[in-house]
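Reader: Please take a close look at the charged side-chain pairs in this model. I would like to know where they sit, what surrounds them, and how far the coordinates can be read.

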Amino acid sequence: MNLEGLEMIAVLIVIVLFVKLLEQFGLIEAGLEDSVEDEMEMATVRHRPEALELLEAQSKFTKKELQILYRGFKNECPSGVVNEETFKEIYSQFFPQGDSTTYAHFLFNAFDTDHNGSVSFEDFVMGLSILLRGTVQEKLNWAFNLYDINKDGYITKEEMLDIMKAIYDMMGKCTYPVLKEDAPRQHVETFFQKMDKNKDGVVTIDEFIESCQKDENIMRSMQLFENVI
């Protein structure tokens, strides 16, 4: 098992589920035509997203794609926002044999960019835009932000260990062979040996990006969902 690849795949699993929800409602197959009805629907929810034109300019999605995304988002989240419990429910469906609570918490915080305790449609779109269609630099910046739990610009061994434990807990009995109890700490040591270039005990964004770009497994995993929508 290559955990570098697993880390990025774990981040992107939430996208797969959302796409499946869109397929369930027939939105991806049929698409949506630009219409007054779509515009009016976007104005009736309690949390009204920014104008489509502004989101189109800020993201890498077209107006029609944004309408498709919003229709599915509204069906699943009538209030217009997603809370942390929703993230936990999503991940528990994918990993019923493990405990995905902590990882879902970290992922939610990465999407909740303004740290107000909820993920709006705008937050969701901008996250998807980076993960699905962003440049390598943008995707790695997003991943670094996920691992930098306290948002101080550095990844410490403690932060990386928390993330690794969350991933191992989430995988639970799904792994074979069963992972040893000290596997998360061993992975963190390997991570720092590779990425902490100046051996100062922390990994900076520059060290993180440089190391990831040189790792074929990480680069390959980042391309898995580029054509999801």
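## Charged pairs and their surroundings

Author: Arg133 is partly exposed, with a relative accessible area of 24%; here buried means under 20% relative accessible area, exposed means over 50%, and partly exposed lies in between, computed with a 1.4 Å probe on protein chains only. This is a predicted model, in which local features need pLDDT of at least 70 and side-chain atom pairs count only at pLDDT 80 or more, while totals for chains, interfaces and linings use all residues. Residues are numbered from 1 along each chain as its sequence is written, and side-chain values use heavy atoms, with hydrogens and water left out.

The partner of Arg133 is Glu65: the two form a salt bridge whose closest N and O atoms are 2.9 Å apart. The pair links distant parts of the chain, with Glu65 in helix H5 and Arg133 in helix H8 (residues 121–133), 68 residues apart. Glu65 is also partly exposed, at a relative accessible area of 22%. A salt bridge is counted when a side-chain nitrogen of Lys or Arg is within 4 Å of a carboxyl oxygen of Asp or Glu. Helices (H or I, at least four residues) and strands (E, at least two) are DSSP runs, numbered from the N terminus.

H5 covers residues 63–76, and its 14 residues should span 20 Å at 1.5 Å a residue; the end C-alpha atoms are 20 Å apart, so the two values agree. The expected span is 1.5 Å times one less than the number of residues. Buried residues in H5 include Leu66, Ile68, Leu69, Tyr70 and Phe73, and also the charged residues Arg71 and Lys74.

The structure holds 8 salt bridges. Another of them joins Glu138 and Lys60, with the closest N and O atoms 3.8 Å apart. Glu138 is in helix H9 (residues 136–147) and Lys60 is in the loop between helix H4 (52–58) and H5, so this pair too connects distant parts of the chain, 78 residues apart. Glu138 counts as partly exposed at 30% relative accessibility, and Lys60 is partly exposed at 37%.

Lys194 and Asp215 form a further salt bridge, the closest N and O atoms being 3.0 Å apart. Because Lys194 lies in helix H11 (residues 183–195) and Asp215 in the loop between helix H12 (205–213) and helix H13 (216–221), the pair ties together parts that are 21 residues apart in sequence. Lys194 is partly exposed, with 25% relative accessibility, whereas Asp215 is buried, with 14%.

H12 has Glu207, Phe208, Ile209, Ser211 and Cys212 buried. These buried residues pack against H9, strand E3 (154–156), H11, strand E4 (202–204) and H13. Leaving aside neighbours within four places in sequence, Phe208 is in contact (heavy atoms within 4.5 Å) with residues including Leu140, Phe144, Tyr147, Phe191 and Met195. Phe208 is also among the residues with the most contacts inside the largest nonpolar core, which has 55 residues. Helix H10 (residues 157–171) gives the largest share of this core, 9 residues. Such a core is a set of buried Ala, Val, Leu, Ile, Met, Phe, Trp, Tyr and Cys residues joined through side-chain atoms within 4.5 Å.

An unreviewed UniProt entry places the feature "domain: EF-hand" at residues 99–134, 135–170 and 183–218. Its positions follow the numbering used here, feature names are shortened, and annotations may be inferred rather than shown by experiment. The span 99–134 is 67% helix and 6% strand, with its end C-alpha atoms 30 Å apart; for 183–218 the values are 69% helix, 8% strand and 19 Å.

As for confidence, the protein averages a pLDDT of 76, and 71% of the residues score at least 70; pLDDT is the predictor's confidence in each residue, from 0 to 100. Over residues 24–40 the pLDDT stays under 50, and the model has 30 contacts there beyond four places in sequence. The pLDDT is also below 50 over residues 42–46, a stretch with 9 contacts beyond near neighbours in sequence. Where pLDDT is low, the predicted coordinates should not be read in detail.
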